[in-house]
Amino acid sequence: QQMRTDTVRLTAQRTTYPSASPGVSPVPQVRHLQLPDYPQPSSPAFVWGNLDGEDCLHSLTMIDHDTVHWVPNIFTVPLGSAGKKFVQETTRLIAAFASSSAEEAVSFLALMVMPLLLLQQPAPRATHRQRLDCLDRRLKLWSEGRF
């Protein structure tokens with residue numbers, strides 16, 4: 001057998017540190033980075049369905065803590081009116097985050113949990129019609145603030 005010659009070889013680079021006194025291990029000098037100021041998001045002063053901003057933020061935070069441990073079992077965004085509504089809601093959340101609106105405090109968090117909640121498989125062998133009906137029902141609940 002011949003050895004392949006087109007393999008990539010990685011070489012480690014040595015980092016040198018200033019010499020230290022005998023018996024003391026050298027310590028790397030770290031430069032502290034100054035990050036630019038980040039404008040704080042506006043307070044959640046809005047209403048999402050039946051929830052005010054604080055309740056919505058709390059609900060989405062709790063959902064995020066739960067869903068982060070889920071094994072994703074989602075279906076693809078379907079074509080048709082249900083898929084179009086899903087994409088419109090995704091676009092609305094991105095626009096709310098980008099425009100510094102009142103929903104900015106929850107929009108990115110909502111965008112992260114929305115696919116896990118709305119596109120979750122209704123059954124192991126669900127038909128396309130069942131997925132569409134389930135997505136329509138979940139979108140209605142989502143718009144009412146019933147996550």
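1. Helices are DSSP runs of H or I with at least four residues, strands are runs of E with at least two, and both are numbered from the N terminus. By this rule Ser107 belongs to helix α3. The model under discussion is predicted, so local features need pLDDT of at least 70 and side-chain atom pairs count only at pLDDT 80 or more, while totals for chains, interfaces and linings use all residues. Residues are numbered from 1 along each chain as its sequence is written, and side-chain values use heavy atoms, with hydrogens and water left out.

2. Overall architecture. The protein contains four helices and two strands, arranged along the sequence as β-β-α-α-α-α. Contact means heavy atoms within 4.5 Å. Of the contacts between residues at least 6 apart in sequence, 69% join residues at least 24 apart.

3. Accessible areas come from the Shrake-Rupley method with a 1.4 Å probe, and for residues only the protein chains shown count as cover. The accessible surface of the protein is about 11,500 Å², and carbon and sulfur atoms account for 56% of it. Buried denotes under 20% relative accessible area, exposed over 50%, and partly exposed the range in between. Of the 147 residues, 28% count as buried.

4. Nonpolar core. Such a core is a set of buried Ala, Val, Leu, Ile, Met, Phe, Trp, Tyr and Cys residues joined through side-chain atoms within 4.5 Å. The largest one has 23 residues, and those touching the most other members are Trp48, Cys56, Leu60, Leu93, Leu118, Leu135 and Trp142. At least two residues of this core come from each of α1 (53-67), α2 (81-98), α3 (104-118) and α4 (128-143). The most, eight residues, are given by α3.

5. Leu93. Apart from neighbours within four places in sequence, Leu93 is in contact with Trp48, Ser107, Ala110, Leu111, Met114 and Trp142.

6. Ser107. With a relative accessible area of 1%, Ser107 is buried. A polar atom of the Ser107 side chain lies 3.3 Å from the backbone oxygen of Glu104. Beyond neighbours within four places in sequence, Ser107 is in contact with Leu93, Ala96 and Phe97.

7. Phe97. This residue is located in helix α2. Phe97 counts as partly exposed because its relative accessibility is 35%.

Key: Buried < 20%, exposed > 50% of the residue type's maximum accessible area, 1.4 Å probe, protein only. Polar contact = N/O pair within 3.5 Å; in protein donor to acceptor, adjacent residues only side chain to side chain.
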